[in-house]
Amino acid sequence: MSAESALLPSSVREAFAPAVTYLNAASYGLMPITAVDAAGAAERERMRGEFDIPAVDAVAASCRASFARLTGMRADQVALGSQVSQLVGLVAASLPAGAHVLVPEGEFTSVLWPFLARPELHVRTAALADLPEAVRPEDDLVAAAAVQSADGAVLDLPATVAAARTHGARTLFDLSQAAGWYPVHDTGADWVVSVGYKWLLGAKGTAYLAGTGEALNTLRPLAAGWYSGFDPWQTCYDGPLRQAEDARRFDVSPVWPAVLAQRPAFDLIEAVGIEAIHRHDVALANRLRAGLGLPEGDSAVVSLAVTSDTLERLRAAKVVGSLRAGRLRLACHLYNTEDDVDRALNVLHG
């Protein structure tokens, strides 16, 4: 397939309204116009006193189902949160004292720190490319981002799961830099987590935890609240504990405008399709790599060393990326075009 045929039709771009050359989905994704409209409508209803709180429940349930479809889980295996670190914390808290955890070197702190916050755990790191070979018989958990935040490096998910299973360890994958462009259906992981505001195009305030029934049963609902009840509107006062029996027992109360914005964002992603988005994003990233004299890659994210003068030129030209781990990080997503990449290249070449 040619690079040109891999690109999405211009109608996809028309769902967005960028005012800059935005190559920064790894920090936050552009929200579709329909998502902004949904969040704005909710806040205007609230301003007028007309907002219907119980109506959010059906939307939250549909978002749960969408995340399940993306990850190959069932909807009853998906919990709703608002931050990835809170969800990773549930897994960290479930481990017995003395448990061994393997994490990639340079991992994002929302994946790493919940384990480091428990000094009685044995946490060690290995290079991302060597992670499957680094799993040892004493390991209890391998926790990693499927796509690394700092530079977009992609973990070999099947090899990591296979190695973990060989040694009797569970796996936890953070999909925050993957879900929405990279195929993460049926990773084989015990748990997966993700935020909704990056490649999933939602507002900040949505996050997801999905897991197998066996893996979820090892967790305790440490943030048990009214929305984790088996019927939240009927179980919101007094004891005893009456939580949902499925993954909803780990839910926290949804951030209303964020959930309402996530629904049209999911609609767009599912309509376009992950395979098509993956082809488009990687094709654009490889166009960028080619223009920089870099070899082709398998990621939608390009990381490169630049000077402070180059960063100033990018800012002046309104080409938006981010600085991570001392390098420029540029991320291509479904709303980007060849023109975006070429404009960035022109500025980078001075």
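**Helix packing and pockets**

Author: In this predicted model, the buried residues of helix 10 pack against helix 3 (56-71), helix 9 (256-272), strand 9 (301-304), strand 12 (327-331) and helix 12 (338-348).

Reader: What span does helix 10 reach from its first C-alpha to its last?

Author: Helix 10 covers residues 274-291, which is 18 residues. At 1.5 Å a residue, the expected value is 26 Å, and the helix comes close to that. Its reach from first to last C-alpha is 26 Å.

Reader: Which residue with a positive phi follows helix 10?

Author: The phi in question is near 75 degrees. The residue that follows helix 10 with this value is Gly-293.

Reader: Which element gives the largest share of the lining of the second largest pocket?

Author: The second largest pocket has a volume of about 150 Å³. At least two lining residues come from each of helix 11 (308-316), strand 10 (319-320) and strand 11 (322-324). The largest share, 3 residues, is supplied by helix 11.

Reader: How many residues in the lining of the second largest pocket are nonpolar?

Author: Among the lining residues are Leu-311, Arg-315 and Ser-322. The lining has 2 polar and 2 charged residues, and the nonpolar residues number 6.

Methods:
Residues numbered from 1 in each chain as written. Predicted model: local features only at pLDDT ≥ 70, side-chain atom pairs only at ≥ 80, totals over all residues. Heavy atoms only, no water. 1 Å grid on protein atoms, 1.4 Å probe; cavity = no way out; pocket = protein on both sides within 12 Å on 5 of 7 lines; lining within 4 Å. Points joined across faces, edges and corners; volume = space filled by probe spheres on them. Helix = DSSP H or I, 4+ residues; strand = E, 2+ residues; numbered from the N terminus. Nonpolar A, V, L, I, M, F, W, Y, C, P; charged D, E, K, R; others polar. Expected span 1.5 Å × (residues − 1). Contact = heavy atoms within 4.5 Å.
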